[in-house]
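Thanks for coming, everyone. Have a look at this one with me, and then I'll take you through a few residues.

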Amino acid sequence: MRIGIVTIFPDFVKVIREYGVIAQAVENGLLHIDIFNLRDFTTDKHKVVDDYPYGGGPGMVMKPEPFFRFFEFFQSNYGKAYVILTSPQGRRLDNKVAMELANKEQIVIVCGRYEGIDERVMKFVDDEISIGDYVLTGGELPAMVIVDAVSRFVPGVVEEESVKNDSFYNNLLDHPHYTRPREIDGMSVPEVLISGNHEEIELWRRKESLKKTMLKRPDIFMKHDFDELDKKALISLFRELIRDAR
Ligand SMILES: C[S@@+](CC[C@H](N)C(=O)[O-])C[C@H]1O[C@@H](n2cnc3c(N)ncnc32)[C@H](O)[C@@H]1O
């Protein structure tokens, strides 16, 4: 997958390519992340990218011409891309949106600053994505969040089994995890995890997932598609509850 990010702070964004799983995916050629400095698409000496808003009021607005030049350059060098504007007004990023975006061959993410971009730049934009109902000072952090969330669904970037067990996949939260040592500060790893009984471990993990989801996110629990293992886990959970109540 090829991802382009256009920003006035390329140094801020470039670290997304330099750490962990994303860096590995870039090295293995699964991801190509190009970062473009919007100021390279200005024509004046001071590389100005903002101007006063028509109609007055506070703040500045990102000028349209650098974006128009950028998209002309991009289309003639890289071809068609799905263009995403980072915006608090966009549809909210979640697992489903990230999966959908991971199916695109090429995306370009536009980072806004100031009061936002001149509305006429919207002619290049296919989608607006928000990372939550709050306003940030710029689109660079949202762009990095989008790249990270989307990359995990690009085949080969993260083990498929791991993605499927993570929170939100199939509307469940992940189960608790433990590693060595077996005991710390009087707290032990649950016996079942060292039993070697894979069926029992799977059932325990599903029970914990269901419990966590019910308690922390009843909204997504209601959307979960219950399978045979869920039914078994729920029956076992109810039995435990009844036993504890006695
Ligand atoms: C200060 S904000 C502009 C907010 C805009 N005046 C509004 O109220 O809708 C500057 C830029 O940060 C980015 N941004 C801010 N909050 C965001 C969010 N929650 N999700 C995605 N991008 C956001 C956008 O690119 C936006 O153009």
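Gly132 sits in the loop between β7 (127–130) and α5 (140–151). Strands here are DSSP runs of E, at least two residues, and helices are runs of H or I, at least four, numbered from the N terminus. Tyr134 is in the loop between β7 and α5 too.

A word on the source: this is a predicted model, where local features need pLDDT of at least 70, side-chain atom pairs count only at pLDDT 80 or more, and totals for chains, interfaces and linings use all residues. Residues are numbered from 1 along each chain as its sequence is written, and side-chain values use heavy atoms, without hydrogens and water.

Buried or exposed, then? Gly132 is buried, at a relative accessible area of 7%. Tyr134 is partly exposed, at 44%. The cut-offs: buried is under 20%, exposed is over 50%, partly exposed is in between, with a 1.4 Å probe and protein chains only.

Now the record. An unreviewed UniProt entry lists a "binding site" that includes Gly112, Gly132, Asp133 and Tyr134. From the listed set, the lining of the largest pocket takes in Gly112, Ile131, Gly132, Tyr134, Val135 and Leu136. A pocket is an open set of points on a 1 Å grid over the protein atoms alone, where a 1.4 Å probe fits, with protein on both sides within 12 Å along at least five of seven lines; lining residues have an atom within 4 Å of a point.

Last, the domains. The assignment, automatic or from a database, gives domain 1 (2–158) and domain 2 (171–245). Their C-alpha centres lie 39 Å apart.

How values were computed: UniProt positions are given in the numbering used here, feature names are shortened, and annotations may be inferred rather than shown by experiment.
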